[in-house]
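Take a look at the model, try each task, and then follow the solution step by step.

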Amino acid sequence: MIVAKDESLSIKTSEDVVRVRQVVRAQAIAAGFGLVDQTKIVTAASEIARNAIDYAGGGDVRIETLHNGTRRGVRLTFSDRGPGIADIGLALTDGYTTGSGLGLGLGGAKRLSNEFAVDSKPGSGTRVTLARWR
Amino acid sequence: MDQIPILKIGDCLLVSIQVDMHDRLAMALQDDLTNKIVSTRARGVMIDISALEIVDSFIGRMLNNIAAMSRVLDAVTVVVGMQPAVAITLVELGLALTGVKTALNVDKGLALIRRLIDGEEDSRDRREG
């Protein structure tokens, strides 16, 4: 697997979430994604980026375009140093939230991705990796 | 751009979202619109999202909130122009926008608002008459 493009952004404000959406969109277009696939990964990115602000006070994202033979994909790796998630299964449940939102972000982002993983322990931050392939 | 313009046409308010909104801008729009419904005594609100490339759970919640607040303030809200890719993504995200009325375009949206307002006035007349 070849990493054809690799960008990192920090996420601190709601303007940064817009920046993340724009960079993910640009990489998805460059990877040849159709409009629906672009929209799905950009929406997933928006949800997870906002979570980093709401629950961890900010974080970082790495946005990579992947080439695997003839397949093209975009992989996003979000990491933060927030309080972590005690029960990932519960956090992925639709409607469950410890904040003020709808509780759709994590589970919704998972449904919009082809690959999705959450790695977190209480006190040591959270890493969310997701990818979508064309 | 840190404010989304709200246009008044007759007894309706028209908002056309032309920028990729950050969350504070979405919150500001929600507040502005609620105030404007009261100050203009609008009966209908139309929100054109044809230029929006995504609707995530935050923007979806904003649309739901605007619809709910306008209902409480005796106005109807119609969201128009959602792109097909946005609709597909929204449903997969898990957001049904059950409280929000939608129309395909501005023309159909205005007609729907008219029908909804007239329908409400009819049933009001019947109750009072």
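**Exercise 1.** Find which elements of chain B have the lowest and the highest mean pLDDT.

*Solution.* Start with the term: pLDDT is the predictor's confidence in each residue, from 0 to 100. Elements are DSSP runs numbered from the N terminus, helices being H or I with at least four residues and strands E with at least two. Among the elements of chain B, the lowest mean, 89, belongs to helix H4 (residues 106-128) of chain B, and the highest, 98, to strand S3 (residues 44-48) of chain B. Next, take the whole chain: chain B averages 93, and 98% of its residues score at least 70. For the complex, the predictor gives an ipTM of 0.91 and a pTM of 0.93.

This is a predicted model, in which local features need pLDDT of at least 70 and side-chain atom pairs count only at pLDDT 80 or more, while totals for chains, interfaces and linings use all residues. Residues are numbered from 1 along each chain as its sequence is written, and chains are lettered from A and ligands numbered from 1 in the order in which they are written.

**Exercise 2.** Work out how many residues of chain A are in contact with chain B, and which element gives the largest share.

*Solution.* Contact means that the C-beta atoms of two residues, placed from the backbone, lie within 7 Å. By that rule, 23 residues of chain A meet 18 residues of chain B. On chain A, the elements giving two or more residues are helix H1 (14-30), helix H2 (35-56) and helix H4 (105-111). The largest share, nine residues, comes from H2(A).

**Exercise 3.** Describe how H2(A) crosses helix H3 (residues 84-93) of chain B.

*Solution.* Axes are lines fitted to C-alpha atoms, for helices over the stretch in contact, and angles run from 0 to 180 degrees between N-to-C directions. The two axes come within 9 Å and cross at roughly 45 degrees. H2(A) is therefore oblique to H3(B); angles under 35 degrees count as roughly parallel, over 145 as roughly antiparallel, 65 to 115 as roughly perpendicular and the rest as oblique. Finally, look at who touches whom: H2(A) contributes residues including Leu35(A) and Val36(A), and H3(B) residues including Ile88(B) and Leu93(B).

**Exercise 4.** Decide how H1(A) lies against H2(A).

*Solution.* Their axes are 9 Å apart, at an angle of about 150 degrees. So H1(A) is roughly antiparallel to H2(A). Among the residues in this contact are Val17(A) and Val20(A) of H1(A), and Ile41(A) and Val42(A) of H2(A).
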